[in-house]
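Here is a short briefing on one protein structure. Keep the 3D view open as you read.

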Amino acid sequence: MLSTIRSQGALHWLGRQLFNRDDPGAFFDPLLAVLNPMWVRGFVPARLLDVIDETADTRTFRLRPSARWQGFRAGQHVNVIVDVDGVRQHRTFTISSAPSQWRTDGTLTLTVKRHPGGHVTHWMHDHLRPGTILGISQAFGEFDLPPSGQPKPLLYIMGGSGVTPALSHLVSLAERDYRAPVTLLYYVRTQADVIGAETLYALAARWPALSLHVFATEEQGEAALLNEQHLDAVPGFAARDAYLCGPPGLMDRANALLARYGVQEEQIRCTFFSAPTAVAADTPLGGAVTFARSDIHVDSDGDAPLLEIAEAAELNPAYGCRMGICHQCSCRKTEGTVVNRLTGKASGPGEETIQLCISVPQGPVTVDL
């Protein structure tokens, strides 16, 4: 092991000296990709095995990553790396399969909806075929299952493709023979838009702890929108741990209702699957930005995040999801205030770690980049 560590250290030093990079193995990726695309080092290669139609606009992709992939916990995400029209693109998707599947046959699934205007999701639907090799990151995220021990009643409120982490959770809980009540309130446009229908209905039929309620908003009208009656029908919901994932409107409504019923913040776990929204128009934004290590000074206007400002200044900071999930763009801010595009909240004026992709300058800002 020691010799391996020393060899890797020497390789990294050589890589930095010769190629100015910390992943020297990736320098040879163009050659490795020709010899065997599963040998590339710049990311974890994964072979696409199957493409399964879930709904009219949603597909599940079953992948087998190379042996370098380290596995995942239910509810975690990966970044998918694909080259679209000659441009490398990174997008974050939640793993919809359970960890037991990966442990059993070495595969995982990503369930991807075509998003209106979503360049990469459309490309994935139109171009990915079995046998294709694409890149993935190691898994990340903390939308975790409750710990083993005393099972607590759980409430899931999910909308549209936001159900993907719940699919992984629920299969894992059923495999545990989780005995406490688990309720899923799932909001879709029509019954034909239920993602993971086969899995959900099979779980509801064989796992007594699960109560599944599907609300089709376009078919049932306003009564199918999340409301007090839906929560009142869930026994003891205010004492349950709640998991939320869905479009912003559903998330806002769920958080407001749960707060009104006295559900504590520590009982609620949320994960996002939409891009950050613009900061409120009346929030003053922009300012002089200093990238201290690069000795670059630029001015910014409007709600451009620091990641875009850095890229416009021809810097190449690391990034992953570009929506505040993966934290790969985390960086030290040494001075100044930034506004978080997810929460709308302003930071303090001093030194702290921020995410470049969702941090918008509010006045002069200095970043250790």
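**A sheet, its helices and its aromatic rings**

Strands β8 (residues 182-188) and β9 run parallel and are joined by seven bridges. The model is predicted.

**The sheet**

- Strands of a sheet pair through backbone hydrogen bonds, in parallel or antiparallel fashion.
- Here, five strands form an open sheet in the order β9-β8-β7-β10-β11, and the pairing is parallel.
- β9 (210-216) and β11 (268-270) are the edge strands; each has a single partner strand, so one side of each lacks a neighbour in the sheet.
- From one strand to the next, the twist averages 15°.

**Helices across the sheet**

- Helix α5 (residues 164-176) lies across β7 (154-159), β8, β9 and β10 (241-245). It runs at about 150° to β7.
- Helix α9 (residues 248-260) lies across β7, β8, β10 and β11. It runs at about 160° to β10.

**Aromatic pairs**

- A pair of aromatic rings is described by the distance of the centres and the angle of the planes.
- There are six aromatic pairs in the structure.
- One of them, W69 with F72, is tilted, at 5.8 Å centre to centre with 35° between the planes.
- Both W69 and F72 are buried.
- Y156 and Y243 form a stacked pair, at 4.9 Å centre to centre with 15° between the planes.
- This pair links distant parts of the chain: Y156 sits in strand β7 and Y243 in strand β10, 87 residues apart.
- Y156 and Y243 are both buried.
- W69, F72 and W102 make up one aromatic cluster.

Notes: Residues are numbered from 1 along each chain as its sequence is written. This is a predicted model: local features need pLDDT of at least 70, side-chain atom pairs count only at pLDDT 80 or more; totals for chains, interfaces and linings use all residues. Side-chain values use heavy atoms; hydrogens and water are left out. Two strands pair if DSSP finds at least two bridges between them. Helices (H or I, at least four residues) and strands (E, at least two) are DSSP runs, numbered from the N terminus. Axes are lines fitted to C-alpha atoms, for helices over the stretch in contact, and angles run from 0 to 180 degrees between N-to-C directions. Contact means heavy atoms within 4.5 Å. Rings of Phe, Tyr and Trp (its six-membered ring) pair if their centres lie within 6.5 Å; planes under 30 degrees apart count as stacked, over 60 as edge-to-face and the rest as tilted. Buried means under 20% relative accessible area, exposed over 50%, partly exposed in between (1.4 Å probe, protein chains only).
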